[in-house]
Amino acid sequence: MTSQDLLAERYGAPRPWRRRVIVGGCVVLALVFLGWVGWTTWSNATPEVTSELVSFKVVDEHSASAVVDVRLADDKVAAACTLQAFAEDHSLVGTLTFTPDPGAGERYEEVIRTERRATSVDLTGCTAPGQQRPS
């Protein structure tokens, strides 16, 4: 008598369907997980709005201008873009949030009012409804 026979006699033989159910459950769970990863990757890789700061210029003591490239996935997307101006000591001296008009093209020149002279302008990004992270 082998050790397998002794174990089967003492504890009972394993059910033949048990292994199939466990393997099938693992396959289904893996497919659901891979589907979720694929959906998450696709939805984050294709945002409703993307933006890029092309250039900025300090105009005077109380204003700076920025050129922003904004691409909307659809003309019906209601996006909001935020620009921030910073002073030499890295403090925030001005903020502007604007809504790009789909009919006006992709490039926007915006003027940011500042409380004192700015030295740099940063594009925080653009968001659309349902898009939590600016891009």
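I started with a cut-off: buried means under 20% relative accessible area, exposed means over 50%, and partly exposed is in between (1.4 Å probe, protein chains only). This is a predicted model, where local features need pLDDT of at least 70, side-chain atom pairs count only at pLDDT 80 or more, and totals for chains, interfaces and linings use all residues. Residues are numbered from 1 along each chain as its sequence is written, and side-chain values use heavy atoms, with hydrogens and water left out.

Entry one: the cysteines. I looked up Cys81 and found 0% relative accessibility, so it counts as buried. Cys126 is also at 0% and counts as buried. Cys26 is partly exposed, at 49%.

Entry two: the link. How many disulfides (pairs of cysteine sulfur atoms within 2.5 Å) does a search of the whole structure find? It finds one. Cys81 and Cys126 form it, with their sulfur atoms 1.9 Å apart. The link is right-handed, with 110 degrees about the S-S bond. Cys81 lies in strand β3 (residues 80-86) and Cys126 in strand β6 (residues 120-127), so the pair ties together parts that are 45 residues apart in sequence. My strands are DSSP runs (E, at least two residues), numbered from the N terminus.

Entry three: the sheet. I found three strands in an open sheet, in the order β4-β3-β6, with antiparallel pairing. Two strands pair if DSSP finds at least two bridges between them. At the edges are β4 (92-98) and β6, each pairing on one side only. Seven bridges join β3 to β6, and Cys81 stands opposite Cys126 in β6.

Technical notes. A disulfide is a pair of cysteine sulfur atoms within 2.5 Å. Helices (H or I, at least four residues) and strands (E, at least two) are DSSP runs, numbered from the N terminus.
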